[in-house]
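User: Hey, got a minute to go through the ring contacts and the sheet in this one?

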Amino acid sequence: QVQLVESGGGLVQPGGSLRLSCAASGRVFSIGTMGWYRQAPGKQRELVATITGGGSTNYADSVKGRFTISRDNAKNTVYLQMNSLKPEDTAVYYCNAFANFHNTWGQGTQVTVSS
């Protein structure tokens, strides 16, 4: 029914920036809250940021002030602008959306922050 396709991950130096994108495709007739999660090897998956259909945002304390989540409802796309990246931000980042009244996940994209 609905697929989430992510892009924008990669290798960046500490202090650098990356912009992640996640576009919903297929037959999309409803998308509610969207968000980004991340998981490092051997660690639990954690919520990074969420954004409601009306634009209200929520951030994990560890990324507040550095990351910005946004969405373009006309394009069914959610973004994560990541600035001042730290090595501890290294993880696989997953896009999530409540689409067509079902919880939907992207495939994940690797973000590595290293010198």
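User: How many aromatic pairs does the count come to?
Analyst: Two aromatic pairs, taking Phe, Tyr and Trp rings (six-membered ring for Trp) with centres within 6.5 Å. This is a predicted model, with pLDDT of at least 70 needed for local features and 80 or more for side-chain atom pairs, while totals for chains, interfaces and linings use all residues. Residues count from 1 along each chain as its sequence is written, and side-chain values use heavy atoms, without hydrogens and water.

User: How are the rings of Phe 29 and Phe 101 arranged?
Analyst: They're tilted, because the planes sit at 50 degrees, with the centres 6.3 Å apart; under 30 degrees would be stacked and over 60 edge-to-face.

User: Are Phe 29 and Phe 101 buried or exposed?
Analyst: Phe 29 is exposed at 51% relative accessible area, and Phe 101 is exposed at 57%. Exposed means over 50%, buried under 20% and partly exposed in between, with a 1.4 Å probe on protein chains only.

User: Switching topic: what's the strand order in the open sheet?
Analyst: S1-S3-S8-S7, four strands with antiparallel pairing. Strands are DSSP E runs of at least two residues, numbered from the N terminus, and two of them pair with at least two bridges between them.

User: Which strands stand at the edges?
Analyst: S1 (2-7) and S7 (67-72); each has a single partner strand, so one side of each lacks a neighbour in the sheet.

User: And how many bridges join S1 to S3?
Analyst: Six, with the two strands running antiparallel. Val 2, for instance, has Gly 26 in S3 as its bridge partner.
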